[in-house]
Amino acid sequence: MKTLIATAISSALLLSACSEPSNTTTNKTAQNEQVSASIESTNPLFVRSTLQYQTPNFNAIKDEHFIPAFEKGMQEQLAEIEAIANNSAAPTFENTIVAMEKSGELLTRTSRIFFNLNGTDSNEARRAIQSEMAPKLAAHGDNINLNATLFSRIETIYNQRATLNLTGEETRLVEVIYKGFVLAGAKLNEEQKTRIREINKELSTLGTQFGQNLMALTKSNVIIVEDKAQLAGLSDAHITSLANAAKEAGHDGKYLIKITNTTRQPILASLENRELREKVWRASAERALTGENSNADIVPTITKLRAERAALLGYDSYAHFGLESQMAKEPQAVLDMLSSMVPSLLQNVDAEAAAIQAKIDASGANFKLAPWDWFFYAEQVRKDKYNLDENAVKEYFEFNRVLKDGVFFTMNRLYGVTFKPRPDLPVYHENVEAYELFDEDGTSLAIFYADYFAREGKRGGAWKSAFVKQSGLDNQRPVIVNVMNIQKAPEGEPTLISYSEATTIFHELGHGLHGMLSQVKYPTLSGTSTSRDFVEFPSTFEEDWAMHPEVIANYAKHYKTGEPIPKDLLGKVIESRSFNQGFDTFEYVAAALLDMEWHSLPASAPKQDIVKFEQAALEKHNVNIDYIPPRYKSAYFNHSMGGYAAGYYAYMWSEILAADAYAYVQTQGGLNRKIGQKYRENILEVGNTRDLMESYKAFRGQEPTTEALLKRRGLSVTVN
């Protein structure tokens, strides 16, 4: 049957021709139907992929396929939702909740593929599609969430849930769906719903623009260096990579320094030229405040709209709204945790800053410590204290060994899983590798895409996502991707990474296994569909395995000789882990507090000036130190303006769980299948099917304490 969306596209195609003969309506209709049928038959998104686990056929998918698939997907799901809402039969779990879980297959498939590609391999066409579709998708979500007839059915089931003989997972699903509809505005009156729709449309447009501004800046906000001498302190390989980047950007014979996503820039640890260090730092810290890609007005507008939406729903602020469904529950719990750390952190920071200033003075330089000096001189202090050369350490952390002999090895020893290359599966970029995940009995569990190297068109940072989610409802296994931005070595040379980058690979695969090992019936609750302040726990838990004796002995080997990392060097690496923790923790806490302050504004507050507000927020919590800016400033704080709004604290909250869990595992024999299986069954497989603290206690036997966190960070900090 010809769909409305296909008809509309057909008409658009015909109208774009130079001149169409004036024939009868019948002839035009026939032509439209032919074009429509052609579109449907050639669009690979319209049907399930025939590849294993519906892995996308990236070789067949083209940018022009997305808008028709989005439009048809929304149309199909709305028809499905209308059928559910208007069902003449009394509402039941099966005919309402399960039916909703099964709806929107085409839209879900299209959205997952598109937004993953747009984040990892963006281009002008995809950014245009995102801009066009964002408000339409927001309106589509509102059409479902604000459907009064549908909500009436959901509410009936919710109110009767105790008498319906539901399983624990089914009860949890009803509660999660009901709460989601309430938080979306299902109980508001029509006037309020109209305003919610307007706000959501504005937020979708602004959020898209915020992200696209940052994406554009990854290309334009760079430092071009003409004199190689200014790059003193960098390795020859690093300088070569900067020269190659410049050549690719049309600056042959020069050197191009790209700006990474956080305020801190890794290159600052090596650059001897102070003037160049300042240029790099300012390009980072002052980005998106002025010019064509400015977010200076977008951030205050987003936060004010969020506050208004929260007020319509009966909350004092967006932070109150956002935290109600998190483990923290209340903004004050987060503020108490973060603020209680500040006094001790200041002591650590003061000591670290004094050591750095002493190093500056000893070098004969006559200046006070500035933010662009911290990493360069901290590295000198670290070398003095531990006699540790970061470049020498990297020689034992070759990327492929870290991934395969480190991360994959650990996951096999803990969970019994094995990663096997799948070069036959299509990939969306030449630097992406596909794997199949197998259980210890040979059962296939998932497809995994490894996308670890930086490139133009990829947003900054590191993350896990899903092309296909696990669902027991239709026996669907997941297709998961891990993404990072490691600088790949020039052709023919090994990619050597820092220990920090190594732990990030462990971290992201923790997220990845949370998605791949999921054994949940309903997709709404599967994999990483947990609260933000829990979801970072399984990933952070994996980080410390990078330094476990058995693990590091298996992968930390010299990239040339294959010799294991010397014991004395390894000892220094381990000992130095607590170095600069005052800085690391302080910049994180400052960013988390900044996020909370933006989202604690009431709807009645006037629109803020981004720079003045940021300054006042940091001063309020005594974290306004000029040489330690927040890990993210407001104009490029993608977490805060995106999915982690009022939730950036979650990393620290989750770290409490992770540190406590890792310490407990060491009392149970450390790296072994027995304790790994217990963790797998109680944390990784269950998703959001039960109260999250109950899942933790099922594994650990008790709620966590902060003792292990303090030890992990080497800080004497009291966390409430």
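Author: One term is needed at the outset: a polar contact is a pair of N or O atoms within 3.5 Å, and within protein one must be able to donate a hydrogen and the other to accept it. Please also note that this is a predicted model.

Reader: Then which backbone oxygen does the side chain of Ser654 reach?

Author: The side chain of Ser654 reaches the backbone oxygen of Asp533, at 2.9 Å. Ser654 itself is placed in helix 25, residues 650–667.

Reader: Is Ser654 buried or exposed?

Author: Ser654 is buried, because its relative accessible area is 0% and buried means under 20%. Leaving aside neighbours within four places in sequence, its contacts are Arg532, Asp533, Phe534, Val535, Glu536 and Phe537.

Reader: Changing topic: what is the average pLDDT of the protein chain?

Author: The chain averages 91, and 93% of the residues score at least 70. Over residues 1–36, however, pLDDT stays under 50. For that stretch the model has 29 contacts beyond four places in sequence. Where pLDDT is low, the predicted coordinates should not be read in detail.

Reader: Understood. Which residues touch the most other members of the largest nonpolar core?

Author: Phe397 and Phe419 do, in a core of 166 residues. Helix 14, residues 331–362, gives the most to this core, with twelve residues.

Reader: And what is Phe419 in contact with, leaving aside its neighbours within four places in sequence?

Author: Its contacts include Phe408, Met411, Tyr435, Phe448, Leu509 and Met516. Another core, of 29 residues, lies apart from the largest one; among its members are Leu45, Leu425, Tyr449 and Val479.

Reader: On to the helices. How many residues of helix 4 are buried?

Author: Seven of the ten residues in helix 4 (93–102) are buried, so the helix is mostly covered. Among them are Phe93, Asn95, Ile97 and Glu101. The buried residues pack against helix 3 (66–85), helix 7 (148–160) and helix 8 (168–184). Just after helix 4, Gly104 takes a positive phi of about 75°.

Reader: Which residues are buried in helix 21?

Author: In helix 21 (567–575), Leu569, Leu570 and Val573 are buried. Seen down the helix axis, they fall within an arc of 100°, so they line one face of the helix. The face turned away from that side carries the exposed residues Lys567 and Asp568.

Reader: What do those buried residues of helix 21 pack against?

Author: They pack against helix 16 (390–394) and helix 20 (549–555).

Definitions and conventions:
Residues are numbered from 1 along each chain as its sequence is written. This is a predicted model: local features need pLDDT of at least 70, side-chain atom pairs count only at pLDDT 80 or more; totals for chains, interfaces and linings use all residues. Side-chain values use heavy atoms; hydrogens and water are left out. A nonpolar core is a set of buried Ala, Val, Leu, Ile, Met, Phe, Trp, Tyr and Cys residues joined through side-chain atoms within 4.5 Å. Buried means under 20% relative accessible area, exposed over 50%, partly exposed in between (1.4 Å probe, protein chains only). Helices (H or I, at least four residues) and strands (E, at least two) are DSSP runs, numbered from the N terminus. Contact means heavy atoms within 4.5 Å. pLDDT is the predictor's confidence in each residue, from 0 to 100. The arc is that of the directions from the helix axis to the C-beta atoms.
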